[in-house]
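Have a go at each task before reading its solution.

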2 protein chains.
Amino acid sequence: MYIVILAGGAGTRFWPLSRRLQPKQLMSVFGGKSMLQRTVERVLPLKPQGILVITNALQAAETVAQLDYLHDASIEVIAEPVGRNTAPAIALAACIIARRDSAAVMAVLPADHYIRDEEAFRGTLLRAQSLAQQGFLVTLGIKPDRPETGYGYVEAGGELCEAGSYQVTHFAEKPVLAKALEYLAAGNYYWNSGMFVWQTQAVLCELEQCLPDLCLALQPLRCPDVEAQTALEPLLEAIYGEIKSESIDYGVMEKAGKVAVIIADFGWSDVGSWGALPEVIPSDAAGHVAINARELISIDAVRCLAYGGDKLVALVGVKDLIVVNTPDALLVCAADRAQEVKKVVETLVERGFTEYL
Amino acid sequence: MYIVILAGGAGTRFWPLSRRLQPKQLMSVFGGKSMLQRTVERVLPLKPQGILVITNALQAAETVAQLDYLHDASIEVIAEPVGRNTAPAIALAACIIARRDSAAVMAVLPADHYIRDEEAFRGTLLRAQSLAQQGFLVTLGIKPDRPETGYGYVEAGGELCEAGSYQVTHFAEKPVLAKALEYLAAGNYYWNSGMFVWQTQAVLCELEQCLPDLCLALQPLRCPDVEAQTALEPLLEAIYGEIKSESIDYGVMEKAGKVAVIIADFGWSDVGSWGALPEVIPSDAAGHVAINARELISIDAVRCLAYGGDKLVALVGVKDLIVVNTPDALLVCAADRAQEVKKVVETLVERGFTEYL
């Protein structure tokens, strides 16, 4: 199995910790190792044939630097000249992998997801691999525990021989709340996690049918003599000028025939904003979550998230706050307004405060 | 006129900006110059005969360093070995001044008060000087605008010849709320600001009557040959072992005979906590007060005080908060709980986090 890690995101909802050159996946969201480093370490016990980390030119240097400590020759960082959403990144990886091993199965994993039970996660990947070998495009589905309107859903139909896996009858885009409530009640709808496992040839086949222009543009990558990284860069420069942004969900999965969902029950979060962290990090007796804080002193304060930037944090008489301290910026945000942190970033852009982006 | 500046306070309510070695008067509460520097600069236009800054051993070096830029030989820093409240500090200053000029008038000013109209302040001091020359112990009284229970009050009786000055008929300690409401309604009660003007001989005379032990202990300071700073230090060491803590209000003013109050109408605050700053610093359209913040970005946030420590501060969906950022600590406090910041300091002491004190 090859692992493809999508590490080109440029999230703004973790500002001020996330920056243009240091997006969420390169951040130490939980203190310690970055999400990318955790994602890579999480798959190493599977001993994959290769790990392709797809990033973009802006973040390439930092991405390489962050993985350097592993001294693992099977890890390769490939920089798109510019991000074009998931379909081109996955197609690019598939072309490279197919050239090396035409029978390979590849797993596609975002670099910025939280996974609680890593053993269970690897077990799920292996079961997904076995489904993929039967020709399915496999998506990892998360059992919803709330009527979330921020994710896409997959509808599970007939059960497959692999335990906890079903044929997908329907891909549903981010729903309105009424629809999300329906999905939750139905019981056979799962969140589309953005993690996929498939035969490289199978996805290339679907890509050719669904996105023929993209495949045509990427054709030069399939020549057997395009292997050295030095040759890849100018080639990608030329190719990426022509190709359009497209998501793998909308561009391929919704149209593909043989799609399966495997139920992922390992504790998952896409950690979409500061507000998601209290779900995945244990809190203290007062409900506080402290990350990277030297100490937390709470005087009659409850349910705060404090990213301390290695400082002592003292909270007096406050509740439900997100407090984030970085070397040049300080955020204090109401916990239920975490989605609006991107408005701060928009304001910074408007006012030309580029040094904080 | 001599000026005596009481600069030995060790306030904890401005933590984390105020520390043991950097109490409120040495802090840049308003950004820029410290409160002590502002206090000294405020009196320089009066061309006083001498300025005695009374501090304690712990803060002496920083106090000297902060005043160095003025290159003014009339400024003298005197360090008590240990703070013993206001009466000993004032008595010490009076002994030193009396030795140099037995007819001098001295003004006693705390180093950590905010004064809006400095010209009016100096005018008031000059009028107080003239009252003092008639033998009065003069206290500067602030017309109350609320039933404050945190200050002492003076009751004004018969009007004196100097405009806006009255004989004091009664000194009242910090009242309970009902009493404070009475004082406010009465109209002839004023806050005791802790600023005094008197003849040095007059206050020494009262000190001798009210606190004879203190005066006896300080007697060696009145020898004409005790002048060099080098000689003063061991002398004070010996003296301060014997003397008791006492406030000038309780120890002298409440018992003294010829006391006058002069109405101080120059915009005053003792800046007792972070919560007092919005009263004295203009706020922006959203009601925010930003001090020492690189920029303030407010997304649907109102009435916050942000001490930025030279960072950009972003506030999202929050209101009535005090946010203070220092190099090693971060405070987020509900605005109406500012008095409880001292509980943070108490907790730090309990837990042995001395580095943050």
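Below, each task is followed by a worked solution.

This is a predicted model, where local features need pLDDT of at least 70, side-chain atom pairs count only at pLDDT 80 or more, and totals for chains, interfaces and linings use all residues. Residues are numbered from 1 along each chain as its sequence is written, chains are lettered from A in the order in which they are written, and side-chain values use heavy atoms, with hydrogens and water left out.

**Exercise 1.** Work out which rotation superposes chain B on chain A.

**Exercise 2.** Find how much area chain B and chain A bury between them.

Take the accessible area (1.4 Å probe) lost on putting the two together, summed over both. That gives about 3100 Å², with 65% on carbon and sulfur atoms. Then count residues: 37 of chain B touch 37 of chain A.

**Exercise 3.** Count the salt bridges between chain B and chain A.

Look for a side-chain nitrogen of Lys or Arg within 4 Å of a carboxyl oxygen of Asp or Glu. The count comes to 4. One of them joins B:Arg294 to A:Glu355, at 4.0 Å from N to O.

Note on methods: Copies are superposed by least squares on the C-alpha atoms of residues with pLDDT of at least 70 in both. Contact means heavy atoms within 4.5 Å.
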